[in-house]
Amino acid sequence: MSYGELRHINVSYDKKNFVLQDLSLDIHEGELLSLLGPSGCGKTTTLRVIAGLIDPVGGTFELDGTDMTHVQVHKRNFGMVFQSYALFPHLTVFDNIAFGLKLRNVEEAAIRKQVGKIMEICGIEGFEKRFPKQLSGGQRQRVALARALVIEPKLLLLDEPLSNLDAQLRLQMRTSIKRIQQELGISSVFVTHDQEECFSISDQVAIMQNGKIEQCDSPEQIYSHPASEMVARFVGFRNFFTVEQAVGLHIVAGNFDKMATMMCIRPEDIVLGDKTFSVSMPGTVEVRTYLGKAYQYEVKTPLGMVTVASSEDTVYAVGATVGLGFPREKLVFLN
Amino acid sequence: MYKHRLVTIVAWLCFAFIFLPLILIVVTSFNSADSISLPLEGFSLQWFVKVFRSRSLVQSLKNSLVLALVSSTIGIVFGLLSSIALVKRPGKISTILLSIFLSPSLIPGIVIGYVLFHFLVVSLQLPLNLALILGHLLVVMPYSVRIICASLKDIDESLEEAALTLGCPPSRAFMKVVLPNLRPAMISAFMLSFINSFNNIPVSMYLKGPGMNTLPYAMMNHIEYNYDPTVSALSVMLMGLTLVLMIAMDWSMSAQRLKSKAAQGE
Amino acid sequence: MKTSRYVVLLGPFVILAMVCLMIPLFITILPSFFTPGFSFSYYTDFFTDSFSRNILIRSLRLSLITTVICIVIGLPASYYISLMKENRRRIILSLILFPLLTNAVVRGFAWISILGKNGLINQLLQCLGLVDEPVKLLYTDFAIVVGSVYLFLPVMLSTLTSVMEGIGEDVIEAAYSLGAPPVATFFKVIVPLSFSGVLVAGVLVFAGTISAYTTPTLLGGNQNMMLATLLYQQSNTLSNWTNSAVIAFIMILISLGVMKIFNLIAATVDKRAEGHV
Ligand SMILES: Nc1ncnc2c1ncn2[C@@H]1O[C@H](COP(=O)(O)OP(=O)(O)OP(=O)(O)O)[C@@H](O)[C@H]1O
Ligand SMILES: [Mg+2]
């Protein structure tokens, strides 16, 4: 049984359209779960349901065996890092971080000790007396994280915490977050719409679309075995065709899942050779683009247009006839 | 950057036009001559003494101060309540109400004074001091609502949510994390309300009565019959008061900044 | 937010606005449309009576003159301010705003002392032997305009300065680099770009002047009445409720109408500006 369980959650802002539909999700203890999906798919909404900031219309949320569905926000003891950070502008860094502890009537000395420790972990020692306005974006981010962590939350929730940072800082911060999360062993839910960021730090990834979970798996599993066309497209598959077509053209033989109707392959997994290439399908190069590491070709074949990326030394000109090979192990079948 | 000579000339004439009359008042208030005239005759504080000897001026000064204090205090409290509702629940009704709350600054003051007089005093026969307070509340309403609303909109909505997730009960979240950040706005709303109520003539003029006069109108009466620098002296005192208010406001606004500067210096 | 809380929070000011503004306006002004049946005859009376019509025309004329003068002085002066160094600019701006915080009587009184029969200007002229008798400056339309300009120039300056600060040196330098001489730059770049500010401040000045009471009373006297002084006379001295209601309604119409017209102009200008960018 998992640590946290969302079951059959429905959410509607206007009582007509459902933003989340029958959503179920498992959070494993000590792991970092990412919610990944296009803008507007309901990631923030899901996170806010977990935090208790939104009441779902139906469904339940259990954590560690206790029903949390109707527990009020301030009694949940979850740490949340907001996209805007939501640091209290009138309080110093120290007072921001100590805010939650003071509400728990922790003694002065203990507060100082715990705040000091968490600031050290987050790498913001020495900024105690500053106000949020006097910090850089990355520092604010760390203060927000420290503030959420110091209350020793049962769950850490992060809503696109890196989206306001520049590219280099994002890279650095995501490593920090991962390190701190592992060090403290804290179960976390991380919202993002950046695929690379998500795959690099998650133990589990939930891909969302239109208020539903499309697939929830480890990053490796999602990368190599997407469960649906949407997920496949999301993780870089470009070439889709029906099984019927593939069998007709002898790309695959009989030994595959008979339930499958679709199959797909990444551009870089297709083998490209000249027209003498055996076990291949002929095609004509129509467009060639240079990508730096590789050339990308749009090839016209009996399957339709196929996108191929090739880092081979041989370069084909537009109009050239080529042969395409589809390695069996790289083909992914979709139901 | 290049400036045409004409621009400089117009600008300095403009500054002179704005400041010389005020300087004239200040200078003549210390002059011993009993009319506003140049050249100066000699230094004297007699006009300042005269202000305090004038029963009507002193009484109306007290009235004006109390009136401005009461109406601005009530004004910012009500303004805060209304702003919370308007900002936290936007929509058609809120938009309409906001424009109603702001309308007293669009309608000519004298019209407001007249309709208030006609309705509250003539029709409803309310006591004058109550009518005067209501009238001044109406005068300060646009300032408190506009300033507090603007500031409240600027404050990140997730502050309250952040406080909740950290364990703050909903009943205390607003007080703990939103209200402190509204302080500068509340102070400037109070100052602007105070100054506008204190200087108001058209509304007070209609709602005055025996013993219920306000300072600006008393000054106006005084000018009609006396031409001496008493009013200059009074004006100088008012300017001093205004200056103190302005500096106090500036100071309280930058207090936060100073505090944080000090922290930065460490 | 729950509806009950919404109502409670808004209650005080809604009640105030209803009891002290909406209902009084309605009750006071409605009778001016009934004689006793519904008609506009009080209004036609107002416009046909030469006394009141002249006051209306004077009010419009003096407000317009005041507005134009404020704009003509305000544009170069705020251009000058906007070019000042940060510190000096901050000081001069707060000095300019200072008179706004003193009451209108103080400011009117200053001009009485300057323009009056024994005022500074007459003292000066007589001293220099330019005139034998005091010139009549006070209690004229001229005095009203001077007083009103004095009253509202700070508004114009602060509005225009903030707009001009936003124009940015790069635009001005771009104009220079294209070969526009400074004077042309001022009229072809600065003035058009400040147009929205001119409109905003212009409305404030116009509406302010036409509804002012203190300045025309102190500087215009009994002879040179404006709408506000007429309203006070009709209501307070003569207790003529219908005439007062007519004037009040006309004043509201002018104030709101001017605001509306200027907003429309500003909206079209904004659209034009968007098209350019
Ligand atoms: N307060 C609200 N009222 C009404 N609809 C809302 C509200 N908040 C979100 N929605 C709608 O709910 C849907 C999901 O929103 P949500 O904020 O959860 O998306 P998201 O996945 O976080 O997107 P993004 O990546 O852009 O942050 C969107 O279609 C949005 O328009
Ligand atoms: Mg979101």
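How many of the 11 residues of helix H2 (residues 93-103) of chain A are buried? In this predicted model, residues are numbered from 1 along each chain as its sequence is written, and chains are lettered from A and ligands numbered from 1 in the order in which they are written. Local features need pLDDT of at least 70, side-chain atom pairs count only at pLDDT 80 or more, and totals for chains, interfaces and linings use all residues, while side-chain values use heavy atoms, with hydrogens and water left out.

Helix H2(A) is mostly covered, with 9 of its 11 residues buried. Buried denotes under 20% relative accessible area, exposed over 50%, and partly exposed the range in between (1.4 Å probe, protein chains only). Helices (H or I, at least four residues) and strands (E, at least two) are DSSP runs numbered from the N terminus. The buried residues of H2(A) are A:Val93, A:Phe94, A:Asn96, A:Ile97, A:Ala98, A:Phe99, A:Gly100, A:Leu101 and A:Leu103. Their cover includes helices H3 (108-122) and H4 (137-149) of chain A, and also helices H7 (158-165) and H8 (170-199) of chain B. Just after H2(A), A:Asn105 adopts a positive phi of about 55°.

Contact is defined as heavy atoms within 4.5 Å. Of the 2 pairs of chains in contact, chains B and C share the most contacts. Chains A and C do not touch, and their nearest C-alpha atoms are 13 Å apart.

Chain C contains 13 helices and 0 strands. Its C-alpha trace spans about 75 × 70 × 35 Å along the principal axes. Of the 277 residues of chain C, 51% are buried. Among contacts in chain C between residues at least 6 apart in sequence, 69% join residues at least 24 apart. The accessible surface of chain C (Shrake-Rupley method, 1.4 Å probe; for residues, only the protein chains shown count as cover) comes to about 13,200 Å², and 67% of this belongs to carbon and sulfur atoms.

A nonpolar surface patch in chain C consists of C:Met18, C:Ile23, C:Phe26, C:Ile27, C:Leu30, C:Phe34, C:Phe38 and C:Phe40, with about 750 Å² of accessible area together. Patches are made of residues with over 30% relative accessible area and no salt bridge, with like charges joined within 9 Å and nonpolar side chains (Val, Leu, Ile, Met, Phe, Trp, Tyr) within 5 Å. A salt bridge is a side-chain nitrogen of Lys or Arg within 4 Å of a carboxyl oxygen of Asp or Glu. Within this patch, C:Leu30 lies in the loop between helix H1 (3-29) and helix H2 (41-48) of chain C. C:Leu30 counts as partly exposed because its relative accessibility is 37%.
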